[in-house]
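Subject: Structure handover

Dear colleague,

Here is the structure we spoke about. My notes on it follow below the entry.

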Amino acid sequence: FKPKSGGNDHHHKKLPPSPWGLPLLGHLHMLGDLPHRDLHRLAKNYGPIMSIRLGLVPTIVVSSPKAAELFLKTHDAVFASRPKLQIAECVSYGQKNLVYAPYGPYWRNIRKLCTLELFSNSKIEMFRPMRREELVLFVETVKNASVDGSKVNISAMIESVFEDMTYRMVFGFKDDTFNIKSTIKELMELAGTFNMADYIPWLGAFDIQGLGRRMKSVATLLDGFLEKIIDEHVVNAKEHKGQHKDFIDVMLSLMESNNTRELHLDRDHIKAILVDMLAAGMNTSSTATEWVITELVKNPRVMKLVQAELVNTVGLERMVEETDLIKLDYLNMVIKETLRVHSVAPLLAPHESTEDVMVDGYFIPKKTRVIVNAWAIGRDPEVWSDNAEEFYPERFIGSNMDVLGNDLQLIPFGSGRRKCPGMQLGLTVVHLVVAQLVHCFNLKPPDGISPDNLDMTEKFGLTMPRANSLLANPSYRLRIEV
Ligand code: HEM
């Protein structure tokens, strides 16, 4: 079929080009385990604004910077909503979270509140001592693991330091007294699993994949843990009046004091936002860090330059401090280049249109899903020339292109109204962990594997980490003990 639009008057309106699809499945059968790559291939034939149908869901795929500008800038307000997904229904306390909230006054208020109260520069600063403590422990752990020259699972260590920093920031502790960590992991795995019920909704009633049952049980467990943790904070807050130490404390004090006319916060809001912070903040940053380290191990030339910059700026007599980060220009280029080549969220998060609209001469009906292929945009030969596949940080020398959503050529955090509100925090922690790891250690691939042959397989999900853990032989290089 060729995709059709809703009402009769839509028939004569031109929809974006589309491949031929199957009844019911639409184009789902064309997408494999790495859908960003399949959609990139299709876009080469059908263009940067392509129309497909995912099961019963009419979808537009956006694959070039110019097209992204139309959807995320020119018509941003029309495409700023989110589709209803089963996972969001299960764990968002009636869509009281931020990530999946439909576009409208509620989303606007909760986003404003989170931006001000949780993601502001002063809040990022507030947690700096905590990050420093965790980084010292991180370096010690890597050092102990590598003491007899054995290979170390770098991916697992990176995941663990981000987990610890995030739990401390959000809950104020990192030990797993409440057994919450495995439940959060299960939730993130479910959120990243392809769910047929999101594309052919009546299949949801049969729960063929068993995802519905798993989601419900995770949601129940999670709610129990969050209730206990919040209760504990309420008791502690009474004892330590006025001292806001973590995200829950901040939210509780807002619940008491700041229940404005615009937004009435209750416990469900707090729980929904806490889940957002864990799901949106933890894996994204650790995935980005894992790929930066992978590229550095794969490219010894670049690693040498990063380490030389660190020696010049920091010296081998101490660890990296957050105040050093601003001076590390080459490292900044390396991180930008990694975010270009390995998008953490290759298809961003799904957007949905809230009204009929014409874009570039094409008719896009209300309630169309919009997928922005940031991974494909990072490879557009018109922007990145014919060495787009190459890892080459020097391409940013003399360029003021940023990753913050201002330049549509490079949008690892999205752009427009729905862009990532946690990007400053994310960039700070990624820079910090990468800088610390390569400053404190030389990292070589294990078992005599040549850097050229390093496994680079991706695993698509909620984020896109390495499919297999990165292993390396670290050797300590500082002249002092941490
Ligand atoms: C390197 C790290 C990170 C990357 C690459 C990243 C990437 C993204 C992307 C691609 C989106 C979707 C944008 C869109 O829909 O167009 C997003 C949304 C979001 N991110 Fe991040 N993120 C990172 C870190 C964080 C952190 C640390 C937090 C908070 C602790 C966070 C919180 C959020 C939230 C709440 C949203 C939803 C915003 C909304 O729907 O209005 N992110 N992020």
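The UniProt annotation "binding site", from an unreviewed entry, covers C420. Please keep in mind that the model is predicted.

C420 sits in the loop that runs between helix 15 (381–384) and helix 16. Is C420 buried or exposed? C420 counts as buried because 25 C-beta neighbours lie inside 10 Å, the cut-off for buried being 20 or more. Leaving aside residues up to four places away in sequence, C420 touches F413, G414 and G426.

The ligand is surrounded by 25 residues, and C420 is among the closest, together with G281, G414, G422 and G426. Two elements give two or more residues to this shell: helix 11 (267–298) and helix 16 (423–440). Helix 11 gives the most, with seven residues. Sorted by class, the shell around the ligand holds 15 nonpolar, six polar and four charged residues.

I also looked at how helix 11 and helix 16 pack. Their axes come within 9 Å and cross at roughly 35°, and the crossing is right-handed. On the helix 11 side, the contact is made by T284, S285, A288, T289, V292, I293 and L296. Helix 16 brings G426, V429, V430, V433, V434, L437 and V438 to the contact. By class, this contact has 10 nonpolar and four polar residues, and no charged ones.

Regards

Terms used. Residues numbered from 1 in each chain as written. Predicted model: local features only at pLDDT ≥ 70, side-chain atom pairs only at ≥ 80, totals over all residues. Near = placed C-beta within 6 Å. Helix = DSSP H or I, 4+ residues; strand = E, 2+ residues; numbered from the N terminus. Nonpolar A, V, L, I, M, F, W, Y, C, P; charged D, E, K, R; others polar. Axes fitted to C-alpha atoms, helices over the stretch in contact; angles between N-to-C directions. Left-handed = near helix turned anticlockwise from the far one by under 90°. Contact = placed C-beta atoms within 7 Å. UniProt positions renumbered as here; feature names shortened; annotations may be inferred. Buried ≥ 20, exposed ≤ 12 C-beta atoms within 10 Å, placed from the backbone.
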